[in-house]
Amino acid sequence: MTTKRKSTSIKKAKVDSVVKVALLGFGTVGSSVARVLAASKFRGVELTHIFNRNPARKRSSDAARLLPASVVWTDDIDVILHSDVDIVVELMGGLNPVEGWLRKALAAGKSVVTANKQLIAYRGTSLAKLAALHDVYLMHGAAVAGGVPVIPGVLQGLGGDQVTKLSGIVNGTCNYILSRMEGGADYATVLADAQQLGYAESDPAADVDGHDARAKLCILSRIAMHAELNPDEVATQTISTIEAIDFSYAKELNCTIRQVSRAELDGKLVHARVAPMLVPLASPMAWSHGTQNMVIVSGRFGGDVVFSGHGAGGEPTAVAVVSDVLAVAQGCKTVQLPVRKREVTGDFMAPHYLRFVVDDKPGIVSAISGALTTVGANIDSILQRRGYPKHRLPFVVTTEPSLTSTIDHALASIARMDCMLERPLCLQMLEPEDKAE
Ligand code: HSE
(Lines give C-alpha, C1' and ligand atoms only; values in the text may rest on other atoms or scores of the structure.)
Protein backbone atom coordinates (compact mmCIF):
# COMPACT_ATOMS: atom_id res chain seq x y z
CA MET A 1 0.00 0.00 0.00
CA THR A 2 2.84 2.32 0.70
CA THR A 3 3.86 4.07 -2.46
CA LYS A 4 7.01 5.99 -2.93
CA ARG A 5 8.04 9.12 -4.64
CA LYS A 6 10.36 8.26 -7.50
CA SER A 7 11.91 11.68 -7.51
CA THR A 8 13.97 12.89 -4.59
CA SER A 9 12.06 16.09 -4.00
CA ILE A 10 11.06 15.14 -0.42
CA LYS A 11 14.68 14.30 0.37
CA LYS A 12 15.85 17.53 -1.18
CA ALA A 13 13.18 19.44 0.70
CA LYS A 14 14.53 18.00 3.94
CA VAL A 15 18.09 18.93 3.15
CA ASP A 16 17.39 22.33 1.67
CA SER A 17 14.58 23.49 3.91
CA VAL A 18 11.85 21.71 5.86
CA VAL A 19 9.15 19.19 5.08
CA LYS A 20 5.87 20.94 5.80
CA VAL A 21 3.06 19.00 7.42
CA ALA A 22 -0.69 19.68 7.63
CA LEU A 23 -2.95 17.92 10.10
CA LEU A 24 -6.55 17.17 9.17
CA GLY A 25 -8.30 16.72 12.51
CA PHE A 26 -7.33 17.84 15.99
CA GLY A 27 -9.18 15.32 18.15
CA THR A 28 -7.61 12.68 20.40
CA VAL A 29 -5.02 11.50 17.86
CA GLY A 30 -4.50 14.84 16.06
CA SER A 31 -3.72 16.73 19.27
CA SER A 32 -1.41 13.87 20.36
CA VAL A 33 0.47 14.10 17.05
CA ALA A 34 0.93 17.82 17.68
CA ARG A 35 2.18 17.08 21.22
CA VAL A 36 4.64 14.41 20.02
CA LEU A 37 5.97 16.69 17.28
CA ALA A 38 6.29 19.60 19.72
CA ALA A 39 8.03 17.44 22.33
CA SER A 40 10.51 15.78 19.96
CA LYS A 41 11.29 18.72 17.64
CA PHE A 42 12.41 16.54 14.74
CA ARG A 43 14.76 18.51 12.54
CA GLY A 44 13.48 19.17 9.05
CA VAL A 45 9.80 18.52 9.85
CA GLU A 46 7.43 21.38 10.61
CA LEU A 47 3.73 21.39 11.39
CA THR A 48 2.46 24.36 9.43
CA HIS A 49 -1.33 23.89 8.99
CA ILE A 50 -4.24 22.43 10.96
CA PHE A 51 -7.64 21.82 9.46
CA ASN A 52 -10.48 21.41 11.93
CA ARG A 53 -14.20 22.04 11.84
CA ASN A 54 -14.07 24.35 14.86
CA PRO A 55 -10.60 25.90 14.84
CA ALA A 56 -11.45 28.63 17.35
CA ARG A 57 -12.35 26.07 20.05
CA LYS A 58 -9.41 23.74 19.31
CA ARG A 59 -6.93 26.61 19.24
CA SER A 60 -7.51 27.24 22.93
CA SER A 61 -6.82 23.60 23.91
CA ASP A 62 -3.71 22.64 25.92
CA ALA A 63 -2.19 20.79 22.94
CA ALA A 64 -2.68 23.84 20.69
CA ARG A 65 -0.75 26.04 23.12
CA LEU A 66 2.38 23.96 22.47
CA LEU A 67 2.32 24.91 18.79
CA PRO A 68 4.15 27.83 17.20
CA ALA A 69 2.01 30.90 16.56
CA SER A 70 2.88 30.54 12.86
CA VAL A 71 0.64 27.45 12.48
CA VAL A 72 -2.28 28.24 10.16
CA TRP A 73 -5.64 27.06 11.56
CA THR A 74 -8.47 26.68 9.09
CA ASP A 75 -11.85 25.09 8.54
CA ASP A 76 -11.45 25.44 4.76
CA ILE A 77 -9.90 22.33 3.20
CA ASP A 78 -8.90 24.29 0.11
CA VAL A 79 -6.45 26.30 2.22
CA ILE A 80 -4.59 23.03 2.85
CA LEU A 81 -4.95 21.67 -0.68
CA HIS A 82 -3.65 24.89 -2.23
CA SER A 83 -0.87 25.37 0.33
CA ASP A 84 2.81 24.38 -0.02
CA VAL A 85 2.57 21.56 2.53
CA ASP A 86 4.41 18.37 1.53
CA ILE A 87 2.54 15.90 3.73
CA VAL A 88 -1.16 15.82 4.59
CA VAL A 89 -1.83 13.83 7.77
CA GLU A 90 -5.44 12.68 7.88
CA LEU A 91 -6.88 11.83 11.30
CA MET A 92 -10.58 12.43 10.76
CA GLY A 93 -11.78 8.99 9.70
CA GLY A 94 -14.59 7.79 7.42
CA LEU A 95 -14.82 7.71 3.65
CA ASN A 96 -16.68 10.93 2.94
CA PRO A 97 -15.59 13.65 2.50
CA VAL A 98 -12.06 12.55 3.39
CA GLU A 99 -11.52 10.32 0.36
CA GLY A 100 -12.15 13.18 -2.07
CA TRP A 101 -9.84 15.51 -0.15
CA LEU A 102 -7.02 12.99 -0.07
CA ARG A 103 -7.39 12.23 -3.77
CA LYS A 104 -7.01 15.95 -4.45
CA ALA A 105 -3.99 16.14 -2.12
CA LEU A 106 -2.26 13.20 -3.88
CA ALA A 107 -3.08 14.65 -7.29
CA ALA A 108 -1.54 17.94 -6.12
CA GLY A 109 1.74 16.13 -5.37
CA LYS A 110 1.31 15.94 -1.60
CA SER A 111 2.12 12.75 0.27
CA VAL A 112 -0.57 11.39 2.59
CA VAL A 113 -0.21 9.80 6.02
CA THR A 114 -3.46 8.43 7.39
CA ALA A 115 -4.76 6.42 10.34
CA ASN A 116 -8.07 5.86 8.52
CA LYS A 117 -8.70 2.10 8.47
CA GLN A 118 -12.06 2.24 6.69
CA LEU A 119 -10.56 4.35 3.91
CA ILE A 120 -7.55 2.04 3.51
CA ALA A 121 -9.63 -1.15 3.77
CA TYR A 122 -12.10 -0.02 1.08
CA ARG A 123 -10.04 2.29 -1.10
CA GLY A 124 -6.42 1.50 -0.28
CA THR A 125 -5.50 -0.12 -3.56
CA SER A 126 -6.94 2.65 -5.69
CA LEU A 127 -5.42 5.40 -3.52
CA ALA A 128 -2.04 3.66 -3.72
CA LYS A 129 -2.28 3.68 -7.52
CA LEU A 130 -3.08 7.38 -7.45
CA ALA A 131 -0.14 8.06 -5.16
CA ALA A 132 2.16 6.09 -7.48
CA LEU A 133 0.85 8.02 -10.48
CA HIS A 134 1.82 11.29 -8.83
CA ASP A 135 5.12 10.02 -7.38
CA VAL A 136 4.12 10.61 -3.80
CA TYR A 137 3.73 8.46 -0.69
CA LEU A 138 0.62 6.99 0.90
CA MET A 139 1.40 5.69 4.39
CA HIS A 140 -1.05 4.12 6.84
CA GLY A 141 1.01 2.60 9.64
CA ALA A 142 -1.44 3.82 12.28
CA ALA A 143 -4.47 2.23 10.60
CA VAL A 144 -3.99 -1.12 12.33
CA ALA A 145 -3.17 -1.68 16.00
CA GLY A 146 -2.46 1.99 16.79
CA GLY A 147 1.01 2.22 18.29
CA VAL A 148 2.02 -1.36 17.45
CA PRO A 149 4.23 -1.28 14.32
CA VAL A 150 2.55 -4.27 12.71
CA ILE A 151 2.16 -2.62 9.28
CA PRO A 152 5.78 -1.52 8.84
CA GLY A 153 6.88 -4.76 10.52
CA VAL A 154 4.93 -6.93 8.09
CA LEU A 155 5.70 -4.82 5.01
CA GLN A 156 9.37 -4.51 5.68
CA GLY A 157 10.25 -7.43 7.90
CA LEU A 158 8.02 -10.21 6.58
CA GLY A 159 7.95 -9.36 2.89
CA GLY A 160 10.27 -12.30 2.26
CA ASP A 161 7.97 -14.89 3.83
CA GLN A 162 4.77 -16.52 2.54
CA VAL A 163 2.22 -15.60 5.19
CA THR A 164 -0.63 -18.12 5.34
CA LYS A 165 -2.43 -17.17 8.51
CA LEU A 166 -2.92 -14.24 10.83
CA SER A 167 -4.95 -13.70 13.93
CA GLY A 168 -5.18 -11.42 16.88
CA ILE A 169 -6.83 -8.65 18.81
CA VAL A 170 -7.02 -5.46 16.77
CA ASN A 171 -9.73 -3.45 18.49
CA GLY A 172 -8.63 -1.82 21.73
CA THR A 173 -12.16 -0.86 22.76
CA CYS A 174 -13.43 -4.45 22.60
CA ASN A 175 -10.36 -5.70 24.42
CA TYR A 176 -10.83 -3.04 27.08
CA ILE A 177 -14.50 -3.99 27.48
CA LEU A 178 -14.03 -7.76 27.50
CA SER A 179 -10.96 -7.79 29.75
CA ARG A 180 -12.77 -5.59 32.28
CA MET A 181 -15.91 -7.74 32.07
CA GLU A 182 -13.66 -10.70 32.82
CA GLY A 183 -12.87 -8.91 36.10
CA GLY A 184 -16.57 -8.44 36.89
CA ALA A 185 -17.45 -5.03 35.38
CA ASP A 186 -20.67 -4.65 33.42
CA TYR A 187 -20.81 -4.01 29.68
CA ALA A 188 -22.56 -0.61 29.65
CA THR A 189 -20.23 0.90 32.27
CA VAL A 190 -17.02 -0.14 30.53
CA LEU A 191 -18.27 0.93 27.11
CA ALA A 192 -18.99 4.39 28.54
CA ASP A 193 -15.48 4.45 30.07
CA ALA A 194 -13.92 3.50 26.70
CA GLN A 195 -15.77 6.40 25.05
CA GLN A 196 -14.72 8.78 27.80
CA LEU A 197 -11.07 7.72 27.45
CA GLY A 198 -11.14 8.29 23.68
CA TYR A 199 -10.59 4.65 22.62
CA ALA A 200 -13.98 4.08 21.01
CA GLU A 201 -14.96 5.19 17.52
CA SER A 202 -17.43 8.11 17.30
CA ASP A 203 -20.09 5.45 16.76
CA PRO A 204 -18.99 2.70 19.17
CA ALA A 205 -21.07 0.18 17.23
CA ALA A 206 -18.12 0.17 14.80
CA ASP A 207 -16.02 -1.27 17.61
CA VAL A 208 -18.43 -3.64 19.37
CA ASP A 209 -20.04 -4.99 16.19
CA GLY A 210 -16.65 -5.76 14.65
CA HIS A 211 -16.60 -3.34 11.71
CA ASP A 212 -13.47 -1.52 12.90
CA ALA A 213 -11.60 -4.81 13.39
CA ARG A 214 -12.91 -6.13 10.05
CA ALA A 215 -11.35 -3.18 8.21
CA LYS A 216 -8.05 -3.82 10.01
CA LEU A 217 -8.19 -7.53 9.21
CA CYS A 218 -8.66 -6.70 5.51
CA ILE A 219 -5.67 -4.33 5.59
CA LEU A 220 -3.55 -7.00 7.29
CA SER A 221 -4.68 -9.65 4.79
CA ARG A 222 -3.65 -7.37 1.96
CA ILE A 223 -0.22 -6.50 3.25
CA ALA A 224 0.65 -9.87 4.80
CA MET A 225 -1.09 -12.44 2.54
CA HIS A 226 -1.40 -10.19 -0.54
CA ALA A 227 -5.10 -11.05 -0.53
CA GLU A 228 -7.55 -8.26 -1.29
CA LEU A 229 -10.84 -8.89 0.56
CA ASN A 230 -14.10 -6.98 0.36
CA PRO A 231 -14.65 -5.86 3.97
CA ASP A 232 -18.42 -6.20 3.53
CA GLU A 233 -17.96 -9.92 2.88
CA VAL A 234 -16.02 -10.63 6.08
CA ALA A 235 -18.21 -12.26 8.75
CA THR A 236 -18.57 -10.25 11.96
CA GLN A 237 -20.29 -10.91 15.25
CA THR A 238 -21.04 -8.39 17.98
CA ILE A 239 -19.54 -8.58 21.48
CA SER A 240 -22.67 -6.92 22.91
CA THR A 241 -24.37 -10.28 23.51
CA ILE A 242 -21.58 -11.50 25.82
CA GLU A 243 -22.70 -11.60 29.44
CA ALA A 244 -21.09 -12.22 32.84
CA ILE A 245 -22.34 -15.82 32.73
CA ASP A 246 -20.23 -16.46 29.60
CA PHE A 247 -17.04 -15.48 31.42
CA SER A 248 -18.06 -17.76 34.23
CA TYR A 249 -18.64 -20.76 31.96
CA ALA A 250 -15.56 -19.88 29.88
CA LYS A 251 -13.48 -20.04 33.06
CA GLU A 252 -14.79 -23.55 33.75
CA LEU A 253 -13.46 -24.42 30.30
CA ASN A 254 -10.06 -22.85 31.17
CA CYS A 255 -10.77 -20.03 28.74
CA THR A 256 -11.67 -16.36 28.62
CA ILE A 257 -13.37 -14.32 25.89
CA ARG A 258 -11.74 -11.87 23.49
CA GLN A 259 -12.75 -10.28 20.20
CA VAL A 260 -10.52 -12.18 17.80
CA SER A 261 -9.87 -11.33 14.14
CA ARG A 262 -8.52 -14.21 12.10
CA ALA A 263 -7.77 -14.90 8.43
CA GLU A 264 -6.32 -17.94 6.76
CA LEU A 265 -5.36 -18.60 3.13
CA ASP A 266 -6.94 -21.71 1.60
CA GLY A 267 -5.93 -21.80 -2.07
CA LYS A 268 -7.86 -19.01 -3.77
CA LEU A 269 -10.20 -18.69 -0.80
CA VAL A 270 -9.62 -16.81 2.45
CA HIS A 271 -11.30 -17.84 5.71
CA ALA A 272 -11.85 -14.64 7.67
CA ARG A 273 -13.90 -13.76 10.72
CA VAL A 274 -14.13 -11.11 13.45
CA ALA A 275 -16.00 -12.33 16.51
CA PRO A 276 -15.88 -12.85 20.24
CA MET A 277 -14.21 -16.22 20.71
CA LEU A 278 -13.19 -18.44 23.60
CA VAL A 279 -9.45 -18.14 24.08
CA PRO A 280 -7.54 -20.59 26.32
CA LEU A 281 -6.20 -18.97 29.50
CA ALA A 282 -2.75 -20.21 28.49
CA SER A 283 -2.86 -18.15 25.29
CA PRO A 284 -1.02 -14.78 25.07
CA MET A 285 -4.29 -13.37 23.77
CA ALA A 286 -5.89 -14.13 27.13
CA TRP A 287 -3.16 -12.13 28.86
CA SER A 288 -3.81 -9.10 26.72
CA HIS A 289 -5.78 -6.58 28.75
CA GLY A 290 -7.13 -3.07 28.29
CA THR A 291 -6.36 -1.45 24.96
CA GLN A 292 -3.52 -3.84 24.24
CA ASN A 293 -3.56 -5.26 20.71
CA MET A 294 -1.83 -8.41 19.57
CA VAL A 295 -1.27 -9.69 16.03
CA ILE A 296 0.21 -13.10 15.31
CA VAL A 297 1.47 -13.58 11.76
CA SER A 298 2.28 -17.11 10.63
CA GLY A 299 4.70 -17.55 7.75
CA ARG A 300 5.68 -20.63 5.77
CA PHE A 301 9.38 -20.04 6.32
CA GLY A 302 9.66 -17.85 9.40
CA GLY A 303 6.96 -19.38 11.60
CA ASP A 304 4.99 -17.20 13.99
CA VAL A 305 5.79 -13.56 14.67
CA VAL A 306 3.90 -11.73 17.43
CA PHE A 307 3.31 -7.98 17.52
CA SER A 308 1.89 -6.52 20.72
CA GLY A 309 1.33 -3.16 22.40
CA HIS A 310 -1.21 -0.38 22.80
CA GLY A 311 -3.71 -0.47 19.96
CA ALA A 312 -5.80 2.58 20.77
CA GLY A 313 -5.42 5.92 22.44
CA GLY A 314 -3.94 9.22 21.34
CA GLU A 315 -0.23 8.95 22.06
CA PRO A 316 0.41 5.33 20.95
CA THR A 317 -1.40 6.06 17.67
CA ALA A 318 0.43 9.38 17.32
CA VAL A 319 3.76 7.54 17.49
CA ALA A 320 2.75 5.46 14.44
CA VAL A 321 1.61 8.59 12.58
CA VAL A 322 4.77 10.56 13.37
CA SER A 323 6.93 7.57 12.37
CA ASP A 324 5.21 7.56 8.97
CA VAL A 325 5.75 11.32 8.64
CA LEU A 326 9.47 10.85 9.36
CA ALA A 327 9.68 7.96 6.88
CA VAL A 328 8.13 10.14 4.16
CA ALA A 329 10.32 13.10 5.08
CA GLN A 330 13.42 10.92 4.76
CA GLY A 331 12.30 9.24 1.54
CA CYS A 332 12.28 5.72 3.03
CA LYS A 333 11.38 2.87 0.71
CA THR A 334 9.01 0.03 1.59
CA VAL A 335 8.57 -3.39 0.01
CA GLN A 336 5.64 -3.64 -2.41
CA LEU A 337 4.29 -6.94 -3.74
CA PRO A 338 1.35 -7.64 -6.07
CA VAL A 339 -2.06 -8.20 -4.48
CA ARG A 340 -4.87 -10.49 -5.72
CA LYS A 341 -8.62 -10.26 -5.10
CA ARG A 342 -9.85 -13.25 -3.07
CA GLU A 343 -13.23 -14.77 -2.22
CA VAL A 344 -13.93 -14.93 1.49
CA THR A 345 -15.81 -17.29 3.83
CA GLY A 346 -16.48 -16.99 7.57
CA ASP A 347 -16.34 -20.75 8.03
CA PHE A 348 -13.68 -22.28 10.27
CA MET A 349 -13.37 -25.84 11.52
CA ALA A 350 -13.42 -25.29 15.30
CA PRO A 351 -14.99 -26.44 18.54
CA HIS A 352 -17.95 -24.22 19.40
CA TYR A 353 -19.37 -22.84 22.65
CA LEU A 354 -23.18 -22.67 22.61
CA ARG A 355 -25.02 -20.83 25.39
CA PHE A 356 -28.76 -21.25 25.75
CA VAL A 357 -31.22 -19.45 28.03
CA VAL A 358 -34.37 -21.53 28.47
CA ASP A 359 -37.63 -21.81 30.34
CA ASP A 360 -36.71 -25.18 31.76
CA LYS A 361 -38.67 -28.38 31.11
CA PRO A 362 -37.71 -32.01 30.42
CA GLY A 363 -36.21 -32.96 27.06
CA ILE A 364 -34.37 -29.71 26.14
CA VAL A 365 -30.87 -31.21 26.16
CA SER A 366 -32.16 -34.21 24.23
CA ALA A 367 -33.69 -31.94 21.55
CA ILE A 368 -30.50 -29.86 21.26
CA SER A 369 -28.44 -33.02 21.02
CA GLY A 370 -30.81 -34.32 18.30
CA ALA A 371 -30.41 -31.13 16.23
CA LEU A 372 -26.61 -31.29 16.53
CA THR A 373 -26.62 -35.01 15.67
CA THR A 374 -28.67 -34.28 12.55
CA VAL A 375 -25.89 -32.04 11.20
CA GLY A 376 -23.16 -34.45 12.33
CA ALA A 377 -21.82 -32.32 15.20
CA ASN A 378 -20.60 -34.12 18.30
CA ILE A 379 -21.16 -32.71 21.82
CA ASP A 380 -17.98 -32.42 23.86
CA SER A 381 -19.39 -31.13 27.17
CA ILE A 382 -22.52 -29.79 28.86
CA LEU A 383 -22.19 -27.23 31.64
CA GLN A 384 -25.09 -26.29 33.84
CA ARG A 385 -24.52 -24.56 37.16
CA ARG A 386 -27.08 -24.92 39.90
CA GLY A 387 -28.80 -21.92 41.42
CA TYR A 388 -30.27 -20.17 38.37
CA PRO A 389 -34.07 -19.75 38.19
CA LYS A 390 -35.79 -22.56 36.27
CA HIS A 391 -37.84 -20.07 34.25
CA ARG A 392 -34.63 -18.42 32.96
CA LEU A 393 -31.96 -21.06 33.01
CA PRO A 394 -28.63 -20.49 31.24
CA PHE A 395 -26.54 -23.50 30.28
CA VAL A 396 -23.77 -24.30 27.84
CA VAL A 397 -23.00 -27.04 25.33
CA THR A 398 -19.58 -27.30 23.68
CA THR A 399 -18.99 -29.25 20.50
CA GLU A 400 -16.04 -31.05 19.01
CA PRO A 401 -14.53 -29.34 15.93
CA SER A 402 -17.19 -28.64 13.29
CA LEU A 403 -17.67 -26.05 10.59
CA THR A 404 -19.32 -22.89 11.93
CA SER A 405 -21.89 -23.07 9.11
CA THR A 406 -22.84 -26.58 10.25
CA ILE A 407 -23.39 -25.42 13.82
CA ASP A 408 -25.37 -22.40 12.56
CA HIS A 409 -27.61 -24.78 10.63
CA ALA A 410 -28.41 -26.76 13.79
CA LEU A 411 -28.91 -23.55 15.78
CA ALA A 412 -31.48 -22.30 13.28
CA SER A 413 -33.79 -25.17 14.29
CA ILE A 414 -32.81 -25.05 17.98
CA ALA A 415 -33.69 -21.33 18.11
CA ARG A 416 -37.27 -22.20 17.09
CA MET A 417 -37.85 -24.35 20.20
CA ASP A 418 -40.61 -22.90 22.42
CA CYS A 419 -38.43 -22.99 25.53
CA MET A 420 -35.68 -20.75 24.03
CA LEU A 421 -35.90 -17.32 25.66
CA GLU A 422 -32.99 -15.81 23.73
CA ARG A 423 -31.25 -16.44 20.48
CA PRO A 424 -28.54 -19.02 21.30
CA LEU A 425 -25.04 -17.58 21.53
CA CYS A 426 -22.45 -19.39 19.38
CA LEU A 427 -18.72 -18.69 19.81
CA GLN A 428 -15.80 -20.35 18.11
CA MET A 429 -13.28 -21.80 20.56
CA LEU A 430 -9.60 -21.42 19.74
CA GLU A 431 -7.53 -24.54 20.18
CA PRO A 432 -3.88 -24.75 21.29
CA GLU A 433 -2.77 -25.54 17.75
CA ASP A 434 -4.43 -22.40 16.39
CA LYS A 435 -1.80 -19.79 15.69
CA ALA A 436 -4.11 -17.39 17.50
CA GLU A 437 -2.62 -18.73 20.71
N1 HSE B 1 -11.62 2.39 18.14
C2 HSE B 1 -10.37 1.80 17.79
C3 HSE B 1 -10.03 0.74 18.80
C4 HSE B 1 -9.30 2.86 17.79
O5 HSE B 1 -10.69 0.69 19.83
O6 HSE B 1 -9.13 -0.05 18.57
C7 HSE B 1 -8.04 2.41 17.13
O8 HSE B 1 -8.26 2.04 15.80
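By class, which residues make up the lining of the second largest pocket? The lining has six nonpolar, five polar and six charged residues. Here Ala, Val, Leu, Ile, Met, Phe, Trp, Tyr, Cys and Pro count as nonpolar, Asp, Glu, Lys and Arg as charged, and the others, Gly among them, as polar.

This is a predicted model: local features need pLDDT of at least 70, side-chain atom pairs count only at pLDDT 80 or more, and totals for chains, interfaces and linings use all residues. Residues are numbered from 1 along each chain as its sequence is written, and side-chain values use heavy atoms, without hydrogens or water.

A pocket is an open set of points on a 1 Å grid over the protein atoms alone, where a 1.4 Å probe fits, with protein on both sides within 12 Å along at least five of seven lines; lining residues have an atom within 4 Å of a point. Grid points are joined across faces, edges and corners, and a volume is the space filled by probe spheres set on the points.

| Pocket | Volume | Lining |
|---|---|---|
| Largest | About 1,000 Å³ | 42 residues |

**Largest pocket.** L91, M92, A200, E201 and S202 lie nearest its centre. α2 gives the most to this lining, three residues. Helices are DSSP runs (H or I, at least four residues) and strands likewise (E, at least two), numbered from the N terminus. The largest pocket lies between domain 1 (9-139) and domain 2 (150-308), because both give residues to its lining. Domain bounds come from an automatic or database domain assignment.

**Second largest pocket.** Two or more lining residues come from each of α17 (404-414) and β21 (425-428). α17 has the largest share, four residues. Domain 2 (150-308) and domain 3 (349-434) both contribute to the lining, so this pocket lies between them.
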